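Please look over the sequence and the structure shown here before reading the report that follows.

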Amino acid sequence: NFKLFIFDLDGVLTESSEQHFLAWKKLSDELGISIDEKFNDQLKGISRMDSLERILANGGIAENYSKKQKEDLAARKNEYYVSMISQFTEENLNDGVRELFSKLKKHNILIAIGSASKNAPLLLKKLNIEKYIDYIVNPKNLKSKPAPDIFLNAANKWSIEPRDCVGIEDSVSGISSIKSAGMFAIGIGDQKVLNQADIVYKQTKEVNLLDLLK
Ligand code: B16
Ligand code: MG
């Protein structure tokens, strides 16, 4: 009897990984290193600081920067990213999301956002879906995915048992996070990549709520 659905944001509700990539690429270019879209796949679901560390290590320049300098670099990337997503509108909402949210509401199932992104509230506002969302997990001070903390934080909000919760994720680290939280995991993407998930759909619009509630 599912009581709560916890949605990842980037890759499930909208495709902002393109903007994350462009912002990291702009920063990387300025630092004289390069990243490509394939490398960017590794950054999905990973926190801002961890992403920066991976990019600097990949470019062989991780030792060149102090902690403070790294914080400044991460802040610079975020400025680029925020200015890019400030252009987002309802058009950037993935197909089927609004319909799925409406159906969940009809079944009195709670909706939470379990994203690694500190920009989640801004993005939800731009996508005009705030009214459906009962709770947004604040990832600050929580262990990053694949730790279960982000998903457990949402369940704890209402003291709901993990087995009564569903997590929806597009990243491998996110699916691990849901499974170690003891929840039912829906993967969005490639079955071969997300093989730890309980069920995988290629796209969010394919999620079949009635089947899941059976
Ligand atoms: P921010 P998700 C994640 O979003 C992104 O996939 C990842 O690329 C990004 O680094 C992370 O959010 C942190 O985002 O810099 O905005 O705090 O998939 O967990 O919704
Ligand atoms: Mg994601």
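## A strand inside the fold

Four of the five residues of strand β5 (residues 184–188) are buried, so β5 is largely enclosed by the rest of the structure; a residue is called buried if 20 or more other C-beta atoms, placed from the backbone, lie within 10 Å of its own. Strands here are DSSP runs of E with at least two residues, helices are runs of H or I with at least four, and both are numbered from the N terminus.

This is a predicted model, in which local features need pLDDT of at least 70 and side-chain atom pairs count only at pLDDT 80 or more, while totals for chains, interfaces and linings use all residues. Residues are numbered from 1 along each chain as its sequence is written, and chains are lettered from A and ligands numbered from 1 in the order in which they are written.

## The partners of β5

Two strands pair if DSSP finds at least two bridges between them. Strand β4 (residues 165–169) pairs with β5 in the parallel sense over four bridges, and F184 in β5 is the bridge partner of V166. Strand β6 (residues 199–201) also runs parallel to β5, joined by three bridges, with V200 in β6 as the bridge partner of G187.

## The whole chain

The chain has nine helices and six strands, and its C-alpha trace spans about 55 × 35 × 30 Å along its principal axes. Of its 214 residues, 37% count as buried.

Notes. A residue is buried if 20 or more other C-beta atoms lie within 10 Å of its own, exposed if 12 or fewer, and partly exposed in between; C-beta atoms are placed from the backbone.
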